[in-house]
Amino acid sequence: MNLLNKLDAAAALRKAQLPEAVGAFGIPIEEVYSSTEARIGENRVLLFGTNNYLGLSFAPECLKAAHEAIDNEGTGTTGSRMANGSYFGHRELEREFADFYQCRESIVFTTGYQANLGTIAGLVGPGDVVLIDGDSHASIYDGCTLSGADVIRFRHNDVADLDKRLRRLGERSAVTLIIAEGIYSMLGDQAPLVDIISVKNKYNSLLLLDEAHSLGVLGNTGQGLVEKTGMMEGVDFITGTFSKSLCSIGGFCVSNHSQLDQLRYISHPYIFTASPSPATIASTRAALKLLRNGTKLREQLWKNAHQLYSKMSEIGYKLGPEPGPIVAAILDNPKQALALWQGLLENNIYVNLILPPAAPENKSLVRCSINAAHTSEQMQHVCETFAKLYTEIGID
Amino acid sequence: MAESDYNETLQQLCQRLDSFTGSDIKVSPDMSLVNQLAIDSIKLLNLIMEIEDTFDISVPINALVDVQTVRDLADLIHKIKTES
Ligand SMILES: Cc1ncc(COP(=O)(O)O)c(C=O)c1O
């Protein structure tokens, strides 16, 4: 089989499994009206699957900052920071992240994906060990592969399992990087951070926490799970993305270990790619300010999250283990998930369809993400539609 | 001694796989994990966790690149067991 035949075979398998799913992935969005509404085809659709947790994608402060940056500094940096230099905005944003987390070091990456790749591959290498939660995001898996370290998985959110696996490593636990996420993107559950840190300390390992989905969402000032649990001291490295609550593109790593700075000289996903554009940096800086002062937005977000989670469990949907801005309905099979996803779209609600093998344990999910800007009318429409479809599709 | 250890590992692994696949096919050493036992990459990752617990060892998932058959997996387990 040649290279192209292999892709044909994979495509045929995909189509045979779910012929009707065409359009479920990468749906065409024709126009975006606001952080909660867009046009799909001829229809005005409610956005309930965009990870836009604080609803800041049209915040006037961010738009203004981005416009000014384009006018003053141009559309792109046309190269990496090593070659083309670090703009004032890159340096300021790093300083602002260090200040936000009260950390000594901070590095900005071009995407959150690269933040994980660059941090993991910079910290561990052949002979070292990465011990990752089994439900980790693909960027964590890819960072592990890039690093060349030995990769071991522990059972999702199971601290006793983590402990057992560290014990088996013996002395190698001292060259082990443990990786967990603040909020897991599939089911919206949070890591048992306090217990993970005590196990990490017992075995003298290091811990990296990816706050991609918890930044802006957890903690008084929105730092994430570290702030909610008061465990900043126990986490060695925090990574995160600008692509969710900060509504732009990019990623970061912060740490109190001064050695983080060395990654700028060794980490390929930092060095060999163009730095974030001026507009991206400017809107991120403006959004970070709003996020830090966003107590009201977080209150609204959590009010909406609790409403949807409790309404959906009342209807009878099987959900992830705890309420949060990601609410995922777990369906019995891909067909049912597709029917629910299509039913929602017919009622002008856009959510995410996640089919095996993307979701943990081969689950089929219909995943909603909630936004602080969703109005009570929008929330109500979504709750009512979920109730109606539950009976229509015969989900129980 | 080493050989009987190896045979015991292989046998234990086949038994483990019998219950893991849950099908009627009797697992034998030269079967391909993917093609004959239908263990896809996600299932393989979960199987590895079970194997780690059964044999009380660490099996890095990056070491699986050369593993195709049941016997390859037994070789890897045996190597890790004897090195530890
Ligand atoms: C847990 C997690 N980490 C990292 C990323 C990557 O972020 P980005 O979209 O900035 O590449 C994502 C987002 O898709 C994610 O869900």
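Into which domains is chain A divided? In this predicted model, chain A is split into domain 1 (18-54 + 295-393) and domain 2 (60-292). The C-alpha centres of domain 1 of chain A and domain 2 of chain A are 27 Å apart. Their contact draws on 22 residues from domain 1 of chain A and 22 residues from domain 2 of chain A.

The table lists values for both interfaces.

| Interface | Buried area | On carbon and sulfur atoms | Salt bridges | Residue pairs in polar contact |
|---|---|---|---|---|
| Chain A and chain B | about 1,300 Å² | 47% | 7 salt bridges | 14 residue pairs |
| Domain 1 of chain A and domain 2 of chain A | about 1,800 Å² | 59% | 0 salt bridges | 8 residue pairs |

Within chain A, Arg298(A), Glu322(A) and Ile326(A) supply 30% of the area that domain 1 of chain A buries against domain 2 of chain A. Helix H13 (295-315), strand S11 (326-331) and strand S14 (364-369) of chain A each give two or more residues to this side of domain 1, and H13(A) gives the most, with 4 residues. The residues of this side comprise 14 nonpolar, 4 polar and 4 charged.

One of the salt bridges pairs Asp53(B) with Lys164(A), with the closest N and O atoms 3.3 Å apart.

Terms used:
Residues are numbered from 1 along each chain as its sequence is written. Chains are lettered from A and ligands numbered from 1 in the order in which they are written. This is a predicted model: local features need pLDDT of at least 70, side-chain atom pairs count only at pLDDT 80 or more; totals for chains, interfaces and linings use all residues. Side-chain values use heavy atoms; hydrogens and water are left out. Buried area is the accessible area (1.4 Å probe) that two parts lose on being put together, summed over both. A salt bridge is a side-chain nitrogen of Lys or Arg within 4 Å of a carboxyl oxygen of Asp or Glu. A polar contact is a pair of N or O atoms within 3.5 Å; within protein, one must be able to donate a hydrogen and the other to accept it, and residues adjacent in sequence count only if both atoms are side-chain atoms. Domain bounds come from an automatic or database domain assignment. Contact means heavy atoms within 4.5 Å. Ala, Val, Leu, Ile, Met, Phe, Trp, Tyr, Cys and Pro count as nonpolar, Asp, Glu, Lys and Arg as charged, and the others, Gly among them, as polar.
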